[in-house]
Amino acid sequence: MRALSTGSAIMTARAAVAAASGAFRPDDATQDELNEKSDSPRYRAVFISDLHLGTPGCQASALLDFLRAHPSESLYLVGDIIDGWQLRRRWFWPQAHNDVVQKVLRRARKGCRVVFVPGNHDEFARQFDGHHFGGIEVHKEAVHTTADGRHLWVIHGDHFDGVIQGAKWLAYLGDNLYEFSLRLNRHLNSWRARLGLPYWSLSQYLKHRVKSALNYVTDFERAVANEARHRGYQGVVCGHIHRPEMRSIDGTLYCNDGDWVESLSALVEHADGRLELVHWHAQAHAPVVDSSAVEPVSMA
């Protein structure tokens, strides 16, 4: 399987952005502003990753609802926002994906600081480190300072993935298998819905049942947290493995904001610096807070 070339990836990204820009209508902005929840609290920062725009698995409508309910001073896009791997194989770009791009651009125009830290699926953007596009800052990595003075290292995390670094062809194979499990999962849950049963994730079930997958997740989390500590940061915010988590690892705060394919999760910072992992229920249009992550983690 061939790796995604830089030239092809850039053309794919430009086509996606052009599709979003070309579909923009002035009344879209007005309607979106009316849809904003004026009584929603304003957050200091929101961190989201692994949107995978350009794939059928992206939960774009749920993400739009979440963004409308969570206005923020800063918005961090922590990698794999546009799935260049999948778009190169098959073009998929519905209106809802346009709406997400427009929403982010509109937020930047209205004064929100938007920082894009590319991941492995949109690695073509890493060559634009330090540039600004439509008010969006592009950085290979970033540092966020919380209201209570903690310095958080913001990275996607794929550099700590031995599969990505050691055998990229295997990563592409895994990506195809993951997409297949998502397609199978959609059919399975369609059948479950007709029976009145709740949503069930096949891929997450397999990840939790396979011991090697659990070891991979644990090794990844420790490696990222250890590197953040060695660099002098009090914590790290990452994505990549589609597993939302917030906990202290040997005195370093590890935060994974999850994904918008299955977990529908994000990390938010409140005005006082308190960090919270939020799971968004698409059907209920209401957040479900991870109770284990509500209280601030004290740092040594």
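## Two residues with positive phi

Asp-80 lies in the loop between β2 (72–77) and α4 (84–89), where helices (H or I, at least four residues) and strands (E, at least two) are DSSP runs numbered from the N terminus. Although Asp-80 is not a glycine, its phi is positive, at about 55 degrees. With a relative accessibility of 2%, Asp-80 counts as buried, a term that stands for under 20% relative accessible area, while exposed stands for over 50% and partly exposed for what is in between (1.4 Å probe, protein chains only).

This is a predicted model, in which local features need pLDDT of at least 70 and side-chain atom pairs count only at pLDDT 80 or more, whereas totals for chains, interfaces and linings use all residues. Residues are numbered from 1 along each chain as its sequence is written, and side-chain values use heavy atoms, with hydrogens and water left out.

His-240, in the loop between β8 (235–238) and β9 (245–249), also has a positive phi, of about 80 degrees, without being a glycine. His-240 is buried as well, its relative accessible area being 11%.

Helix α3 (residues 60–69) is mostly covered, since eight of its ten residues are buried; among them are Leu-63, Leu-64, Phe-66 and Leu-67.

Neighbours within four places in sequence aside, Phe-66 is in contact (heavy atoms within 4.5 Å) with Val-46, Ile-48, Trp-260, Ala-266, Val-268, Val-278 and Trp-280.

## Aromatic pairs

Rings of Phe, Tyr and Trp (its six-membered ring) pair if their centres lie within 6.5 Å, and planes under 30 degrees apart count as stacked, over 60 as edge-to-face and the rest as tilted. The whole structure holds seven aromatic pairs. In one of them, Phe-128 and Phe-133 are edge-to-face, because their ring centres are 5.4 Å apart and their planes stand at 80 degrees. Phe-128 is partly exposed at 25%, and Phe-133 is partly exposed at 43%.

Trp-153 and Phe-160 are likewise edge-to-face, with 6.2 Å from centre to centre and 85 degrees between the planes; here Trp-153 is buried at 2%, whereas Phe-160 is partly exposed at 25%. Ring pairs also link Phe-66, Trp-260 and Trp-280 into a cluster.
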